[in-house]
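Please look through the sequence and the three-dimensional structure shown here before reading the report that follows.

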Amino acid sequence: MVNMKPSPRPIICFRPIQPSDLGTLEKIHGDLFPIRYESEFFQNVVNGRDIVSWGAIDRNQPSDQSDELVGFVTARIVLAKESEIGDMLSYDPSRSDQTLVYILTLGVVEAYRNLGIAASLIREVIKYASSIPNCRATYLHVISYNNPAIRLYNKMSFKCVRRLQGFYLINGQHYDSYLFVYYVNGGRSPCSPLELATVVLNHVRNALKSISARLWRNEDRKSPKWPKCRETRCLISTTQSRRNMTAECIGCECV
Ligand SMILES: CC(C)(COP(=O)(O)OP(=O)(O)OC[C@H]1O[C@@H](n2cnc3c(N)ncnc32)[C@H](O)[C@@H]1OP(=O)(O)O)[C@@H](O)C(=O)NCCC(=O)NCCS
């Protein structure tokens with residue numbers, strides 16, 4: 001755990017995460033999440049490669065600690081048409097440039113919780129997403145038992161649009177996730193009958209896919225060759241391999 005006692009009167013400031021944060025960032029992720037992130041992810045965050053980030057620091061700490069991260073949020077831009085919530089956006093197929101901001105990780109060290117830091121970090125992401133004219137929403141996954149995080153997203157007016165069964169695979173056990181969305185720039189969930197019908201059809205298609213995947217998985221359990229992590233969009237970036245994860249995830253980032 002990052003052993004930092006909060007100063008008597010914390011002065012919380014926000015800044016982009018930078019290369020000097022590497023060690024602390026890795027440490028906090030290791031402490032807070034049941035999933036191991038690879039070093040490529042941290043390198044991408046601190047160097048701002050395809051990932052945007054905000055760190056929270058306490059300026060009222062003694063000078064050697066006044067620039068230490070006490071919280072962070074990381075996110076990246078994805079194309080709406082390639083995202084799993086494309087169907088939740090009243091997506092206009094003629095606008096292939098529409099984007100979303102996907103929150104990858106969010107955390108606050110324990111001593112600094114309940115001060116509104118996470119809420120402020122999320123507000124930064126929403127502000128950022130709103131500043132991108134073709135961005136329609138920011139969204140994230142959260143594991144179904146993470147009540148503090150779920151409370152926070154509800155409080156921040158995120159909409160829970162889906163429950164994804166067995167989305168995470170952690171130490172051999174499946175866990176569901178919720179998908180939360182916050183619409184920006186006129187983005188909205190579908191509401192015309194045609195849009196709703198499309199969503200329902202997509203749900204049915206996904207449910208069928210998930211059932212057949214489960215059947216296939218059960219079949220496959222009998223064979224020793226089952227790859228542990230079957231989803232390609234797992235953790236951080238599509239290019240990352242998942243071989244070093246002690247806990248694995250089947251498609252997500254924020255837990
Ligand atoms: C989830 C998490 C990020 C929340 O961080 P946080 O900084 O404590 O969150 P906030 O302070 O913004 O809000 C949390 C609570 O504090 C309350 N709060 C906000 N500002 C406050 C203030 N100034 N004084 C007192 N309480 C405050 C909020 O109302 C909220 O309470 P409630 O939801 O119980 O009513 C943190 O618990 C965490 O890092 N958990 C481990 C990692 C994790 O789960 N990340 C999310 C993955 S999806």
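In this predicted model, Gly 55 stands opposite Phe 72 in β3. Gly 55 also has a partner on another strand, for it is the residue in β2 that forms the bridge with Arg 15. A further position of this region is Ile 57, which stands opposite Leu 69 in β3.

**The paired strands**

Strand β1, which covers residues 12-15, is joined to β2 by 4 bridges, and the two strands run antiparallel. On to the next pairing, β2 and strand β3, the latter made of residues 69-79, pair in the antiparallel sense over 6 bridges. Strand β3 is in turn joined to strand β4, residues 99-108, by 9 bridges, and here too the strands run antiparallel. Within that last pairing, Leu 79 stands opposite Thr 99 in β4.

| Strands | Sense | Bridges |
|---|---|---|
| β1 and β2 | antiparallel | 4 bridges |
| β2 and β3 | antiparallel | 6 bridges |
| β3 and β4 | antiparallel | 9 bridges |

How many of the 7 residues of β2 are buried? The strand is mostly covered, since 6 of its 7 residues are buried. In a regular strand, side chains alternate between the two faces of the sheet.

**The chain as a whole**

The protein chain contains 5 helices and 8 strands, and when it is read along the sequence these elements follow the pattern β-α-α-β-β-β-α-β-α-β-β-α-β. Of the 255 residues in the protein chain, 33% are buried. Among the contacts in the protein chain with a separation of 6 or more, 70% are between residues 24 or more positions apart.

**Two packed helices**

Two packed helices are described by the angle between their axes and the distance between the axes. Helix α1, residues 22-32, packs with α2 at an angle of about 130°, and their axes are 10 Å apart. Because of that angle, α1 is oblique to α2, and the crossing of α1 and α2 is right-handed. On the side of α1 the contact is made by Leu 22, Leu 25 and Glu 26, while α2 contributes Phe 42, Val 45 and Val 46.

**Two loop residues with positive phi**

Most residues other than glycine have a negative phi. Asp 50, however, has a phi near 65°, a positive value in a residue other than glycine. Where does Asp 50 lie? Asp 50 is found in the loop between α2, residues 39-46, and β2, residues 52-58. Asp 50 counts as exposed because it has 12 C-beta neighbours inside 10 Å, and the cut-off for an exposed residue is 12 or fewer.

Asn 171 likewise is not a glycine, and yet it has a positive phi of about 45°. This residue lies in the loop between β6, residues 159-170, and β7, residues 173-183. Is Asn 171 buried or exposed? Asn 171 has 9 other C-beta atoms within 10 Å, and therefore it is exposed.

Conventions
Residues numbered from 1 in each chain as written. Predicted model: local features only at pLDDT ≥ 70, side-chain atom pairs only at ≥ 80, totals over all residues. Buried ≥ 20, exposed ≤ 12 C-beta atoms within 10 Å, placed from the backbone. Axes fitted to C-alpha atoms, helices over the stretch in contact; angles between N-to-C directions. Parallel < 35°, antiparallel > 145°, perpendicular 65-115°, else oblique. Left-handed = near helix turned anticlockwise from the far one by under 90°. Contact = placed C-beta atoms within 7 Å. Pairing = 2+ DSSP bridges.
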